[in-house]
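Biologist: I've got this one open on my screen. Can you walk me through it?
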Amino acid sequence: MMNFINGLLTNRILQAAFFGWLTAQILKTLIYVIVNKDFNPERLVGDGGMPSSHSATVMALVTSTAFYYGSNTFEFAVTAILALIVMHDAMGVRRETGKQARAINNMMEWLMDMNNNISPEEKLKEFVGHSPSQVFFGALLGILIGFIVCGIR
């Protein structure tokens, strides 16, 4: 059991992915505070926003995998394809889900204004997807984090 835990704690590829996610979440929260003049603790773990933590995580994974295994390996190919799928999904399905949630939430507010007998349900999450620029900057952040984590020995 101790070997397993030690392996997790010393795995540079896993560390790069984790720090890619963590850095993006912190930056996302700071940008949200600056733009909205309001601290929302949900932004520390929530989806959506600038930069994309999805992109930062998978690109840190790809970068660190390339660093340790090389770009001509099975490991790199798997992480690169995974990254493409995750980033495409963040810009596609997840972004459209956020747009739909916003529209439904607006309709619920309109209906509640018309008739106070409607009990409000929990609002749907609107921050679930990313714009292409959020994905791009998340990917750049992930590459940078991958180089930093793998360069520290």
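Biologist: Start with Ser-53. Is Ser-53 buried or exposed?
Modeller: Ser-53 is buried. Its relative accessible area is 4%, and under 20% counts as buried. Keep in mind that this is a predicted model.
Biologist: Where does Ser-53 sit?
Modeller: In helix H3, which covers residues 53-69.
Biologist: Which side chain does the Ser-53 side chain make a polar contact with?
Modeller: Lys-28. The side chains of Ser-53 and Lys-28 are joined by a polar contact of 3.4 Å.
Biologist: And what else is Ser-53 in contact with, leaving aside neighbours within four places in sequence?
Modeller: Lys-28 is on that list too, along with Trp-21, Ala-24, Gln-25 and His-130.

Biologist: Zoom out for me. How many helices and strands does the chain have?
Modeller: 6 helices and 0 strands. From the N terminus on, the order reads α-α-α-α-α-α.
Biologist: How much of the chain counts as buried?
Modeller: 34% of its 153 residues.
Biologist: What share of the contacts with a separation of 6 or more comes from residues 24 or more positions apart?
Modeller: 71% of them.

Biologist: Back to H3. At what angle do H3 and H6 pack?
Modeller: About 40 degrees, with the axes 7 Å apart. That makes H3 oblique to H6. The crossing of the two is right-handed.
Biologist: Which residues make the contact?
Modeller: On the H3 side, Ser-55, Ala-56, Met-59, Ala-60, Thr-63, Ser-64, Phe-67 and Tyr-68. On the H6 side, Val-135, Gly-138, Ala-139, Leu-141, Gly-142, Ile-143, Gly-146, Phe-147 and Cys-150.
Biologist: How do the residues of the H3 contact with H6 divide into nonpolar, polar and charged?
Modeller: 11 nonpolar, 6 polar and no charged.

Biologist: What does Ala-56 touch, not counting residues up to four places away in sequence?
Modeller: Gly-138, Ala-139, Leu-141 and Gly-142, plus Gly-20 and Ala-24. Ala-56 and Ile-143 are also worth a look: 87 residues apart in sequence, but 7.3 Å apart in space, C-alpha to C-alpha.

Biologist: Now the other side. What about Gly-138, buried or exposed?
Modeller: Gly-138 is buried, with a relative accessible area of 0%. Its place is in helix H6.
Biologist: Which residues is Gly-138 in contact with, leaving aside neighbours within four places in sequence?
Modeller: Pro-51, Ser-52, Ser-55 and Ala-56. The C-alpha atoms of Gly-138 and Met-50 are separated by 7.5 Å, and these two residues are 88 apart along the chain.
Biologist: You mentioned Met-50 and Pro-51. Is the peptide bond from Met-50 to Pro-51 cis or trans?
Modeller: That bond is cis, with omega near -10 degrees. Pro-51 belongs to the loop between helix H2 (12-36) and H3.

Biologist: What is the phi of Lys-37?
Modeller: Positive, at about 55 degrees, although Lys-37 is not a glycine. Lys-37 lies in the loop between H2 and H3.
Biologist: And is Lys-37 buried or exposed?
Modeller: Exposed, at 71% relative accessibility.

Biologist: One more serine. What does the side chain of Ser-64 reach?
Modeller: The backbone oxygen of Ala-60, at 2.8 Å. The Ser-64 side chain also reaches the backbone oxygen of Leu-61, at 3.1 Å. Ser-64 lies in helix H3 and is buried, with a relative accessible area of 0%.
Biologist: Who does Ser-64 touch, not counting residues up to four places away in sequence?
Modeller: Ile-13, Ala-16 and Cys-150.

Biologist: Last topic. At what angle does H4 pack with H6?
Modeller: H4 (residues 74-91) and H6 (residues 132-151) pack at about 150 degrees, with axes 9 Å apart. That makes H4 roughly antiparallel to H6, since over 145 degrees counts that way. The crossing of H4 and H6 is right-handed.
Biologist: Which residues meet there?
Modeller: Met-87, Ala-90 and Met-91 in H4 meet Pro-132, Val-135 and Ala-139 in H6. The residues of this H4 contact with H6 divide into 6 nonpolar, no polar and no charged.

Key: Residues numbered from 1 in each chain as written. Predicted model: local features only at pLDDT ≥ 70, side-chain atom pairs only at ≥ 80, totals over all residues. Heavy atoms only, no water. Axes fitted to C-alpha atoms, helices over the stretch in contact; angles between N-to-C directions. Helix = DSSP H or I, 4+ residues; strand = E, 2+ residues; numbered from the N terminus. Parallel < 35°, antiparallel > 145°, perpendicular 65-115°, else oblique. Left-handed = near helix turned anticlockwise from the far one by under 90°. Contact = heavy atoms within 4.5 Å. Nonpolar A, V, L, I, M, F, W, Y, C, P; charged D, E, K, R; others polar. Buried < 20%, exposed > 50% of the residue type's maximum accessible area, 1.4 Å probe, protein only. Polar contact = N/O pair within 3.5 Å; in protein donor to acceptor, adjacent residues only side chain to side chain.
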